[in-house]
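Take a look at the picture, then read on.

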Amino acid sequence: YCVCYWIRSITDYDTGICTSNVYYIRTVITVLPTTWRYLQCLRSYVDTKDTRHVWNALKYFTTYPVVFFATFYVPKSGNPKLWLFSFLEFDFDFDDGIIFVLWAISAFVNAMYSFVWDLVFDWDLFSFRNKRLTYRRQRIYRPTCWYGLAMAADFVLRFLWTIKISLAVLYDQNVDLVFTALTFAEVFRRFFWNFIRIEIQLIR
């Protein structure tokens, strides 16, 4: 947005286009970090043959449906036409309600997948042993109630992050303000996420 605003203000002073999703540039930029991590996971699998990297890649792949349906959910426009299918000469006429339901389902799957991955793999707080879910007993930080608070915060902020990447493809200045606030929330989540991630590395 800043680069667009700077360029447009110099050329023709038409900065309104910077808040729009022209040619779906905002959508492409939104999925770039996810795409990089997705490809890294696949490369790690090729190098190590560890199937856990495939499951991790699937976690990042679940981001695409969230961004896809958020891009085409435009309540004020009636029934948006999916530009992707227009190149195939199909005339899909999806109802906004269906788009929203599909977005909600994909957002829930993405958030829950990421949350469970944090607890089981990144933090190693839970593990499956003898077909039973067990809680990691060896913990460094005190008091141990902080782990419960971290899990609760991670659960909430994972869903907020899903909303954030959805707002990233919309084109309203008020939405951009909310997007900025949710970005700081994600920074906070990463802050305490790193502490438990470092802890499990020390234990291992």
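Let's start with Thr71, which lies in helix 4 (residues 63-72). Helices here are DSSP runs of H or I with at least four residues, strands are runs of E with at least two, and both are numbered from the N terminus. Thr71 is buried, at a relative accessible area of 9%. For the wording: buried means under 20% relative accessible area, exposed over 50%, and partly exposed in between, using a 1.4 Å probe and protein chains only.

What does the side chain of Thr71 make a polar contact with? Its partner is the side chain of Thr27, at 3.1 Å. The side chain of Thr71 also reaches the backbone oxygen of Val67, at 2.7 Å. (A polar contact is a pair of N or O atoms within 3.5 Å; within protein, one must be able to donate a hydrogen and the other to accept it, and residues adjacent in sequence count only if both atoms are side-chain atoms.)

## Where the model comes from

This is a predicted model, so local features need pLDDT of at least 70 and side-chain atom pairs count only at pLDDT 80 or more, while totals for chains, interfaces and linings use all residues. Residues are numbered from 1 along each chain as its sequence is written, and side-chain values use heavy atoms, with hydrogens and water left out.

Strand 1 (residues 126-129) and strand 2 (residues 132-135) run antiparallel, joined by four bridges. (Two strands pair if DSSP finds at least two bridges between them.) Phe126 stands opposite Tyr135 in strand 2. The hairpin has two residues between the strands, and Asn130 takes a positive phi near 55 degrees there.

Helix 7 (residues 145-167) has 23 residues and reaches 33 Å from its first C-alpha to its last, close to the expected 33 Å. That expected span is 1.5 Å times one less than the number of residues. Its buried residues include Tyr147, Asp154, Arg158 and Trp161.

There are 14 aromatic pairs in the structure. One of them, Phe108 with Phe159, is tilted, with 6.1 Å between centres and 45 degrees between the planes. Phe108 sits in helix 6 (residues 96-122) and Phe159 in helix 7, so this pair ties together parts 51 residues apart in sequence. Phe108 is partly exposed at 48%, and Phe159 is partly exposed at 23%. Ring pairs also link these two with Phe115 and Phe155 into a cluster. (Rings of Phe, Tyr and Trp, the latter by its six-membered ring, pair if their centres lie within 6.5 Å; planes under 30 degrees apart count as stacked, over 60 as edge-to-face and the rest as tilted.)

## Salt bridges

A search of the whole structure turns up nine salt bridges, each a side-chain nitrogen of Lys or Arg within 4 Å of a carboxyl oxygen of Asp or Glu. Arg43 and Asp47 form one at 3.2 Å, N to O. Both lie in helix 2 (residues 25-48), four residues apart, about one turn of the helix. Arg43 and Asp47 are both exposed.

Are Arg158 and Asp118 buried or exposed? Both are buried, and their salt bridge has its closest N and O atoms 3.0 Å apart. This pair links distant parts of the chain, with Arg158 in helix 7 and Asp118 in helix 6, 40 residues apart.
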